[in-house]
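Please find below a note on the model under review. The points are numbered so that each may be checked against the coordinates.

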Amino acid sequence: MGLLFVERLEGEGVFRCRRCRVDAASKDAIISRDFYGHSGRAYLFDHVVNISLGPNEDRLLVTGLHTVNDIYCSCCQQILGWRYEKAYEQTQKYKEGKYILERARMVKDG
């Protein structure tokens with residue numbers, strides 16, 4: 001087992017893992033607040049930190065078929081949401097490489 005390097009985010013409006021409180025994303029990285037995950041409201045981010053990715057998986061979501069990876073907190077391994085790897089619908093391509101964080105799995109400072 002090696003050292004765990006944790007990135008700290010500066011400023012107000014930092015979203016953190018609800019379980020271990022490690023930084024995950026800044027409010028400045030929010031693209032949209034109009035998403036829903038397994039546990040309710042979710043936000044689409046263009047950049048997150050301190051996460052690890054699960055394997056690629058095809059999922060049929062409300063907006064169509066997508067290849068996604070679950071994302072986990074790098075410290076406590078709590079699932080936080082998912083990353084869009086590929087969107088099959090042309091109108092959904094803007095999500096590729098973006099991240100969903102579920103609000104119920106996060107706390108927000110500021």
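The points below move from the basis of the model to the overall fold, the nonpolar cores and selected residues.

1. Basis of the note. The model is a predicted one, in which local features need pLDDT of at least 70 and side-chain atom pairs count only at pLDDT 80 or more, while totals for chains, interfaces and linings use all residues. Residues are numbered from 1 along each chain as its sequence is written, and side-chain values use heavy atoms, with hydrogens and water left out.

2. Secondary structure. The chain has zero helices and 10 strands; here helices (H or I, at least four residues) and strands (E, at least two) are DSSP runs, numbered from the N terminus. Read from the N terminus, the order of elements is β-β-β-β-β-β-β-β-β-β. The radius of gyration, at 14 Å, is close to the 13 Å that the globule rule gives for 110 residues, so the chain is as compact as a globular protein of that length. That radius is taken over C-alpha atoms, and the globule rule is 2.2 Å times the number of residues to the power 0.38. The C-alpha trace spans about 40 × 35 × 20 Å along its principal axes.

3. Burial and surface. Of the 110 residues, 44% count as buried; buried means under 20% relative accessible area, exposed over 50%, and partly exposed in between (1.4 Å probe, protein chains only). The chain exposes about 6,400 Å², of which carbon and sulfur atoms supply 48%. These areas come from the Shrake-Rupley method with a 1.4 Å probe; for residues, only the protein chains shown count as cover.

4. Contacts along the sequence. Contact means heavy atoms within 4.5 Å. Among contacts between residues at least 6 apart in sequence, 45% join residues at least 24 apart.

5. The nonpolar cores. A nonpolar core is a set of buried Ala, Val, Leu, Ile, Met, Phe, Trp, Tyr and Cys residues joined through side-chain atoms within 4.5 Å. The largest has 16 residues, and Phe 15, Phe 45, Val 48, Leu 80, Leu 101 and Met 106 touch the most other members. At least two residues of this core come from each of strands E1 (14-17), E2 (23-26), E4 (40-45), E7 (64-73) and E9 (99-102). Apart from it lies another core of seven residues, including Phe 35, Ala 42, Val 68 and Trp 82. In soluble globular proteins, nonpolar side chains tend to be buried together.

6. Phe 45, Ile 31 and Lys 98. Which residues does Phe 45 contact, leaving aside its neighbours within four places in sequence? They are Phe 15, Ala 25, Ser 26, Ala 29, Ile 30, Ile 31, Lys 98, Tyr 99 and Leu 101. Ile 31 belongs to strand E3 (residues 30-37) and is partly exposed, with a relative accessible area of 39%. Beyond residues up to four places away in sequence, Ile 31 touches Leu 44, Phe 45, Asp 46 and Lys 98. Lys 98 sits in the loop between E8 and E9 and is partly exposed at 22%. Lys 98 and Asp 46 are 52 residues apart in sequence, yet 4.9 Å apart from C-alpha to C-alpha.

7. Asp 109. This residue is found in strand E10 (residues 106-109) and is partly exposed, with a relative accessible area of 36%. Not counting residues up to four places away in sequence, Asp 109 touches Glu 12, Gly 13, Val 14 and Arg 16.

8. Cys 75. The loop between E7 and strand E8 (79-87) holds Cys 75, which is partly exposed at 33% relative accessible area. Leaving aside neighbours within four places in sequence, Cys 75 is in contact with Leu 4, Val 6, Cys 20 and Val 22.

9. Positive phi values. Most residues other than glycine have a negative phi. Arg 21, however, has a phi near 70°, and Asn 50 has a phi near 55°. Arg 21 is in the loop between E1 and E2 and counts as partly exposed at 45% relative accessibility. Asn 50 lies in the loop between E4 and strand E5 (51-53) and counts as buried at 10%.
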